[in-house]
Amino acid sequence: MISNTKPLISPEIIDDIIEWAFMHGVAFRQADNTAKHCPFSIAPMSMKQEVFQQLQQVTPIITKLINNIAEDHDFLQTSLAEIAQADPFFARILALHQQVHGEVNNRLKPARKPLLLMRTDFMDDRKHGAKIIEFNGIAAGMAPFGQRATEFHAYINHQWSNVYQQWLEEPQSTPADNAGLEQLAYAISQAANKVKASFTLQEEDRKPTFLMVIQENEDNVYDQHLLEIALQKLGLRTIRRTFKQLSTQLSTGHNKRLMLAGIGAIDVVYLRAGYQYSDYYSPKQDDKICCQTLSQTRLFIEQHHVAVNATFSQQLATSKATQMLLSLMSPKDFTRWGLTREEANLVKNVLADMKPINQETISWFNTQANKQAWVLKNQGEGGGHCVFGDDISEKLTQLKPHEYGAWTFMQRLFPHERDVPTIAVRDSKPIQIDNLVSEIGLFTAYYDGKPATELGGYAGYLIRSKSASEYEGGIHSGQGILDSLVLVD
């Protein structure tokens, strides 16, 4: 029997745009070494041009602030000690940071050069305007996918304009330029060439070398490979290794040069791993504290003359604990890290309210707060680390007082829902979503304390959208879809 139900989008068009996605690397690797396309929207979200310009203006300032906090080692050690008592992994990172930089009264000058590749995630709240969700300073990837999403929607508009226009929220809009892949590659290549140039002429014929530290059995390899291809076009050699592999392959060359067996000198180390316990865990090694051997490998890297993202300092400075501390400060407090009062006010305006967890705030939450207006977060990175609504009170009863420091209350953000229904394509099937909301992550890059892109530190953006009824918006760890951005007056 032939169905008379008309499909949302013809199968021929779906097949065509999925093939475009595969051809351009917008996919995840599966366990059986096949590939699966990223879930995506059929047309972009819209944002007022003035809001986007505000975010482009403030985000490099945020990166300047985070960069300078990351180099304020006394502040990190003294301010984050309480959180470390509540979170063993956080404590491990803080201890490794101290090994790199020495005691508070006897600071050492680390050999590594800080390369801050950062993504700052925002939601445009209906009432309060654009606010920061979180900082991402380690494994802050997906700039390649962000740029590809912009190119992807341009392709749909070119080839299937009637479909694109049908699902476009604002017909009178302009696509927002997005060179996230190219600008991050530019920043990394600048750092690599500067490190290489600081060594002797005997390395003159050697290509600058970029090392990406990856997780075992990684599924998000295509986003990573897109960055590597862009770096290769800029003349760099690219290498991939896990912490486990590096634990037996690294050595020290002349003048604290970082050497990799079979490769030679390394100029840039980019960590796409290291933000969770499992990244340092090897079943064959009997180490009790966060796999001592593998975490010492990361420490070994920072003791060499090499550009590093993320340093221990950067990971601490972009943590939710630091974000909470900043939310409790006044704009005047930010000036100690090199911001003007005008810059400090801009940053303060986009910081969402946060509160520490203690007996007083728990009592306030249970008796006075609007429970739907807050989120409970721990220090974990990625999806699955948030508790919402009525579930918060139950979670608070499960926490012991010594665990409070690992958690924080954060103002819950309610972004604008898209005015028109949207088509999401997941697992090759189109699905209509009537209440899509989006978050925007802006990429920035600083090297050795200075902006490192051709756009004053700004690099590009990533849009992730989801149904407003879904809590987890990650693209490969939640119900999020890849999206792009158009601007309206």
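This briefing walks through a pocket, a cavity, a strand, some ring contacts and a few backbone details. The model is predicted, so local features need pLDDT of at least 70 and side-chain atom pairs count only at pLDDT 80 or more, while totals for chains, interfaces and linings use all residues. Residues are numbered from 1 along each chain as its sequence is written, and side-chain values use heavy atoms, with hydrogens and water left out. Helices (H or I, at least four residues) and strands (E, at least two) are DSSP runs, numbered from the N terminus.

**The second largest pocket**

- A pocket here is an open set of points on a 1 Å grid over the protein atoms alone, with protein on both sides within 12 Å along at least five of seven lines; lining residues have an atom within 4 Å of a point.
- The second largest pocket holds about 410 Å³ of space, where a volume is the space filled by probe spheres set on the points, and grid points are joined across faces, edges and corners.
- Its lining has 18 residues, and Ser46, Met47, Asp124, Glu169 and His416 are the closest to the centre.
- Strands β4 (45-48) and β23 (436-447) are the elements that give two or more residues to this lining.
- Sorted by class, the lining of this pocket has eight nonpolar, three polar and seven charged residues. Ala, Val, Leu, Ile, Met, Phe, Trp, Tyr, Cys and Pro count as nonpolar, Asp, Glu, Lys and Arg as charged, and the others, Gly among them, as polar.

**The largest cavity**

- A cavity, by contrast, is a set of grid points where a 1.4 Å probe fits but cannot get out.
- Two cavities of 30 Å³ or more are found in the structure, and the largest has a volume of about 50 Å³.
- The largest cavity is lined by Ala21, Val26, Phe40, Arg148, Ala149, Phe152, Leu482 and Asp483.
- Helix α6 (143-159) and strand β26 (481-483) each supply at least two lining residues, and α6 gives the most, with three.
- This lining divides into six nonpolar, no polar and two charged residues.

- Strand β20 (residues 407-411) is mostly covered, with five of its five residues buried; buried means under 20% relative accessible area, exposed over 50%, and partly exposed in between (1.4 Å probe, protein chains only).
- In a regular strand the side chains alternate between the two faces of the sheet.
- In β20, Trp407, Phe409 and Gln411 are buried on one side, and Thr408 and Met410 are buried on the other.
- Two strands pair if DSSP finds at least two bridges between them.
- Strand β17 (residues 354-356) runs antiparallel to β20, joined by three bridges, and Lys355 stands opposite Phe409.
- Strand β18 (residues 374-378) is also antiparallel to β20, with five bridges, and the bridge partner of Leu376 is Phe409.

**Aromatic rings and charges**

- The whole structure has 14 aromatic pairs. Rings of Phe, Tyr and Trp (its six-membered ring) pair if their centres lie within 6.5 Å; planes under 30 degrees apart count as stacked, over 60 as edge-to-face and the rest as tilted.
- The rings of Phe89 and Tyr277 are tilted because their planes lie at 55 degrees, with centres 5.3 Å apart.
- Phe89 lies in helix α5 (residues 88-101) and Tyr277 in the loop between β15 (268-271) and α11 (292-302), so this pair ties together parts that are 188 residues apart in sequence.
- Phe89 is buried at 11% relative accessibility, whereas Tyr277 is partly exposed at 39%.
- Phe243 and Tyr280 form a stacked pair, with ring centres 5.2 Å apart and planes at 25 degrees.
- Phe243 counts as buried at 2% relative accessibility, and Tyr280 counts as buried at 1%.
- One aromatic cluster is formed by Trp20, Phe40, Phe152 and Tyr155.
- A charge sits over a ring if NZ of Lys or CZ of Arg is within 6 Å of the ring centre and within 35 degrees of the ring normal.
- The charged end of Arg257 sits over the ring of Phe199, 3.9 Å from its centre, and Lys355 lies over the face of Trp364, at 5.0 Å from the ring centre.

**Backbone details**

- The peptide bond from Asn309 to Ala310 is cis, with omega near 0 degrees.
- Asn217 has a positive phi near 55 degrees, lies in the loop between β10 (209-214) and α9 (221-233), and is exposed at 73% relative accessible area.
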